Amino acid sequence: MKRERLVPLTEWARMQGISESLARKWIREGRVEAVRLGHYWYIPEEIDGPERGRQVYTLFTHAGGAGKTSLARDLGFELASRGYRVLLVDADPQANLTAWLGVDPSTVEDGETLLRVIRQDVLPRPREVGRNLHLVPASVDLAVGELELDRKPLGALALRTALEKLTGYDLVFVDSLPSLGSLAVMAALAGDGLIVPVETGAKGVQALKAVIGVAKEYREALRKVDPERVAGRPHIIRAFVPTKYDARTAGDNRVLDTIKELEEIAPVAPRIAYRPGPHRRATEEQVPIQLTGDKEAAEEIAKLADFLLKEVFRYEEVVA
Ligand SMILES: Nc1ncnc2c1ncn2[C@@H]1O[C@H](COP(=O)(O)OP(=O)(O)O)[C@@H](O)[C@H]1O
Ligand SMILES: [Mg+2]
């Protein structure tokens with residue numbers, strides 16, 4: 001099937017065997033179609049890729065500030081620009097993901113959020129927030145959903161069931177909230193497993209015990225409703241992602257050793273460094289970290305995406 005990926009201008013110019021300044025001239029003259037995102041130009045390129053089974057992952061940990069929302073945004077953008085059709089689902093009434101993708105949460109109606117799933121068992125029509133990138137937004141009202149879920153028989157499976165009918169996407173990322181309540185359970189059970197960001201510090205490691213504990217319970221619950229999906233997999237955690245790594249803090253190195261031990265449960269992804277400046281800019285400018293102009297931050301996300309594609313999603317790269 002036809003897909004579109006975004007080729008960074010530098011890469012495109014190299015592929016054409018021309019200089020970047022000539023490529024920029026062509027853009028000015030309208031000779032090539034280009035899109036400007038944040039600080040960068042991209043050339044959309046049509047590619048052929050196979051139809052793939054949809055996969056759904058939940059960014060999950062009850063620890064606040066671990067990087068769930070940042071990862072959902074940045075991985076979403078990364079994979080979408082590589083040609084994957086990505087749906088992001090904001091399951092947090094704080095609606096950070098929604099706001100960071102440029103959608104004002106106060107303009108979001110209840111029927112556009114997961115309240116629709118909770119009340120009517122259908123997924124709302126997502127908003128387009130980028131090329132190949134769509135969003136089921138959240139708003140503060142979603143908090144009411146927590147109470148409604150508690151009263152709904154099999155409410156925990158509502159999102160999973162709604163997503164089963166979804167077509168048109170390769171990857172779905174659900175951004176969970178800093179809680180272990182009903183909304184978080186519904187988010188965790190939404191699909192193929194959990195991607196757990198671990199803040200590289202004492203606090204992050206502390207949260208792990210509870211995350212691993214509840215993940216075991218979730219797996220048991222899933223085994224009852226979808227035995228095939230969990231067969232042969234003792235865990236529903238698919239990857240740990242060490243985040244906010246700061247080499248200057250010696251304690252963090254001890255923490256990293258602890259994180260390494262997690263390999264027994266799920267692969268540990270390459271770590272994400274602590275970069276307060278770019279992250280502040282990303283939220284202010286409502287762009288993913290790749291578009292803030294910080295090259296290292298962008299490379300880090302590219303590496304993380306490579307890792308997840310290979311170790312977790314098991315997709316072959318979309319071929320140009
Ligand atoms: N690698 C990082 N370096 C510095 N700040 C970060 C990093 N990742 C996220 N942040 C910032 O830390 C805060 C919490 O991140 P967030 O993604 O919202 O975590 P969560 O969704 O798990 O609560 C946000 O202000 C975000 O901009
Ligand atoms: Mg968040």
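1. Basis. The model is predicted: local features need pLDDT of at least 70, side-chain atom pairs count only at pLDDT 80 or more, and totals for chains, interfaces and linings use all residues. Residues are numbered from 1 along each chain as its sequence is written, while chains are lettered from A and ligands numbered from 1 in the order in which they are written.

2. Ligand shell. Ligand 1 is surrounded by 17 residues, the closest being Ala-66, Lys-68, Thr-69, Ser-70 and His-279. A residue counts as near if its C-beta atom, placed from the backbone, lies within 6 Å of the molecule. Two elements give two or more residues to this shell: helix H3 (68–81) and helix H12 (276–285). Helices (H or I, at least four residues) and strands (E, at least two) are DSSP runs, numbered from the N terminus. By type, the shell has 5 nonpolar, 9 polar and 3 charged residues. Here Ala, Val, Leu, Ile, Met, Phe, Trp, Tyr, Cys and Pro are nonpolar, Asp, Glu, Lys and Arg are charged, and the others, Gly among them, are polar.

3. Cores. A nonpolar core is a set of buried Ala, Val, Leu, Ile, Met, Phe, Trp, Tyr and Cys residues joined through C-beta atoms within 7 Å. Buried means 20 or more other C-beta atoms within 10 Å of a residue's own, exposed means 12 or fewer, and partly exposed lies in between, with C-beta atoms placed from the backbone. The largest core holds 89 residues; Met-186, Ala-187 and Val-241 touch the most other members. Helix H13 (residues 295–313) supplies its largest share, 7 residues. A second, separate core has 5 residues, including Leu-6, Ala-34, Trp-41 and Ile-43.

4. Val-241. Setting aside residues up to four places away in sequence, Val-241 touches Leu-71, Ile-195, Val-196, Pro-197, Val-198, Ala-269, Ile-272 and Leu-304. Contact means C-beta atoms, placed from the backbone, within 7 Å.

5. Helix H13. Its buried residues are Ala-297, Ala-298, Glu-300, Ile-301, Leu-304, Ala-305, Leu-308 and Phe-313. They pack against strand E4 (55–59), H3, strand E8 (171–175), strand E10 (237–243) and H12. The 19 residues of H13 should span 27 Å at 1.5 Å a residue, and the end C-alpha atoms are 25 Å apart, which agrees. The expected span is 1.5 Å times one less than the number of residues. Just after H13, Arg-314 has a positive phi of about 55°.

6. Helix H9. H9 bends by about 25° at Leu-208. The bend is the angle between axes fitted to the seven residues ending there and the seven starting there. Leu-208 is also one of the buried residues of H9.

7. Positive phi. Most residues other than glycine have a negative phi. Ala-95 has a positive one, about 55°. Ala-95 sits in the loop between strand E5 (86–90) and helix H4 (96–100). Ala-95 is buried, with 23 other C-beta atoms within 10 Å. Gln-286 also has a positive phi, near 55°. Gln-286 lies in the loop between H12 and H13. Gln-286 is partly exposed, with 15 C-beta neighbours inside 10 Å.

8. Gly-145. This residue is in helix H6 (residues 142–151). Gly-145 is buried because 26 C-beta neighbours lie inside 10 Å. Beyond four places in sequence, Gly-145 touches Leu-114, Leu-115, Ile-118 and Leu-183.

Technical notes
Contact = placed C-beta atoms within 7 Å.
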